[in-house]
Amino acid sequence: MILNVKHASFSYDGLIKQFEDVSFSLGRGEVLSLLGRNGTGKSTLIKCILNILTLQSGDVEINGRRVSEMRPNEVAREVGYVPQGHRSVFPFSALDFVLMGRAPHISTFSVPKEEDYEKAEEAFARIGISHLRDKPISEMSGGESQMVMIARALAQQPSLLILDEPTSHLDIGNQMKVIATIDRLAVDGIAILMSTHFPDHAFMVSHSVAILEGGRLIAQGPAEDVITKENLREAYGVDICVHYIEEADRMVCVPMNPCSGRGRGAA
Amino acid sequence: MGSVREMTCGRETITETGQESRRNVTINPPHLVSRSEALISETIFRFIPLERVIYLLPIVLFFISLFFGRYMMDPVETFRILVIGSANTFFDWTSTLLSTLSGHQVLLPSFEQTWGVSEQTVVFRIRLPRVIAAMLVGGGLSLAGASFQGLFRNPLVSPDILGVAAGAGFGAALGILVSGNPWVIQVSAFVFGIVAVAVTYGIGRVYHNSSTLILVLAGIIVGSLFSALLSLAKYVADPYDTLPAIVFWLMGSLSSVSNTDIIAVAPPILLGSLCLYLIRWRINLLSVGEEEAQALGLDTKRMTVVLIVASTIITASAVCISGIIGWVGLVVPHIGRMLVGPDFRKLIPVSAILGASFLLVVDDIARTLTATEIPLGILTALVGAPFFAYLLTQKKVGWA
């Protein structure tokens, strides 16, 4: 197992628990999708796994080592992190940006060397965005910058990749592009944990799904077992149909119309 | 998905080859014109390595500034005085050192002095310390400004953000009120500059949070506190004697800098600069945000402390010999970013070089333009503001 989360609990103020007794594990080449409503603590859980926030109780182990006992650069060598979208003040070129992913492999007073440039180029090539190399990140579209963020995480040479809502804010084409990239990286053997707001995407790419609601994992397991009408109602508070669509050859989630029926769809 | 791939491929061809882009010209002329212009300027820069030329700038300006001034001197003569004079001083020192070490009188040969005492004084006692001071102060403030802009992820930040200038200003005023001895004033300015930043950082820690937003707010609190104290000092000062001294100190000047001042402030400024130079690539990481930097394995808390300590020592040392000189630490990093881009690996050294050159030129103007000196703090803004306004119209600014 690459990632092992055991009975993890966290609280910002020591009184109200963000989540408690969360346990799951993730092996090589597996994709775990984390579902849950806004503000339920998905991002907090991710920050705990990265050891940016410290758990109140429980353990997070990466490759058998507790993150709480690892130094930041040791964690960063094992875990690549793609945050929820990036707004950079300074217009770094994509190459400079991806080079930052080499930080855990470079000593404090040193700068990237030839080898690090090669690793950065590899990361570009691996997800097919070598043409973006010299483009300033401030001039990129949402889809492009998301791919560059993934490249930066890959430059860390992680065994675990964590993506926080990688498909939010993207158009449907770029969403599929990111999902396909995630799938390919999993095939290469990287363990992937992603939080998402799209149960559909969980169906497409993940081996297992976990739903976080009210500070606990209310369901966990293969997508077909977890993404059900009942679970989705509990998680999101709305009725969602889950159906198999033959033409797409997969399960899809369709929310019921919450409007009063005056919209065009009702006619 | 296909359409996305096509779009990105289309973009790719623009940068690829000349032929491809010419095909695109017919499709999308306005976009392409700016792009090909950029390509032309890129090729020019490749043949004239601008980044390297910048490094010669302060050296050239250093020599020009030495023979430039109200007491006009022949460039060749100045150069001879500088080289032979320094060699003689060095021999003197060595022979004294050898004499004390060996117990015998050791006399090393020295070059013949072909110039008068007044030239010697002008070069070694007046111009040299001043020129070095201008370079140290200008370079140091720009370096500190560039680092702070990275740390606070804000291109509008100057080295004063944590209250060092306000603290130093009050310290100097207090020194002027209490004794008036230049050493006391400098030490007091330095100490209060450091104290102000320490209080700012302490306030940040009280909130169990060294996030940069809290630091900025704490900087505003401490800055206004010391400004109030400074006003109080001005209010109680003697309007015919100490008040003008305080006001002039606050305007900034290098006119009274001596060799001993240089010996006192050069080590901290150079050490702080070396420190920032060593972590220059890590500032890139800090500038993309605290959590991302942590996820990339950076110990952000420690790096923030290192950066603040180094920048504060530089700024406090600079301010204590020069008084308040605004503008340099804010604008020079921008000019640097326009020249070499946002990467701190290049920006840190280039900011230092440009800052040293800029303040050297401004100080030359300050001491030659009129019979009585114009305070430096006034001139940096008078020269810098229109220049920066011009730059903004000329080239892409280095931030999003």
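Reader: How do the axes of helix H6 (residues 117-151) and helix H15 (residues 328-340) of chain B lie to each other?
Author: In this predicted model, the two axes come within 7 Å and cross at roughly 75 degrees. Axes are lines fitted to C-alpha atoms, for helices over the stretch in contact, and angles run from 0 to 180 degrees between N-to-C directions. Helices are DSSP runs of H or I with at least four residues, numbered from the N terminus.

Reader: Why is H6(B) called roughly perpendicular to H15(B)?
Author: Angles of 65 to 115 degrees count as roughly perpendicular. The crossing is at roughly 75 degrees, so H6(B) is roughly perpendicular to H15(B).

Reader: Which residues make the contact?
Author: Among them are B:Gly138 and B:Leu141 of H6(B), and B:Val332 and B:Pro333 of H15(B). Two residues are in contact if their C-beta atoms, placed from the backbone, lie within 7 Å.

Reader: What makes H7(B) mostly covered?
Author: A residue is buried if 20 or more other C-beta atoms, placed from the backbone, lie within 10 Å of its own. In H7(B), 13 of the 15 residues are buried.

Reader: How many residues of chain A are in contact with chain B?
Author: 29 residues of chain A are in contact with 30 residues of chain B. Helix H2 (72-78) and helix H6 (172-187) of chain A each supply at least two residues of the chain A side.

Reader: How are residues and chains labelled, and what pLDDT is needed?
Author: Residues are numbered from 1 along each chain as its sequence is written, and chains are lettered from A and ligands numbered from 1 in the order in which they are written. Local features need pLDDT of at least 70, side-chain atom pairs count only at pLDDT 80 or more, and totals for chains, interfaces and linings use all residues.

Notes
Parallel < 35°, antiparallel > 145°, perpendicular 65-115°, else oblique. Buried ≥ 20, exposed ≤ 12 C-beta atoms within 10 Å, placed from the backbone.
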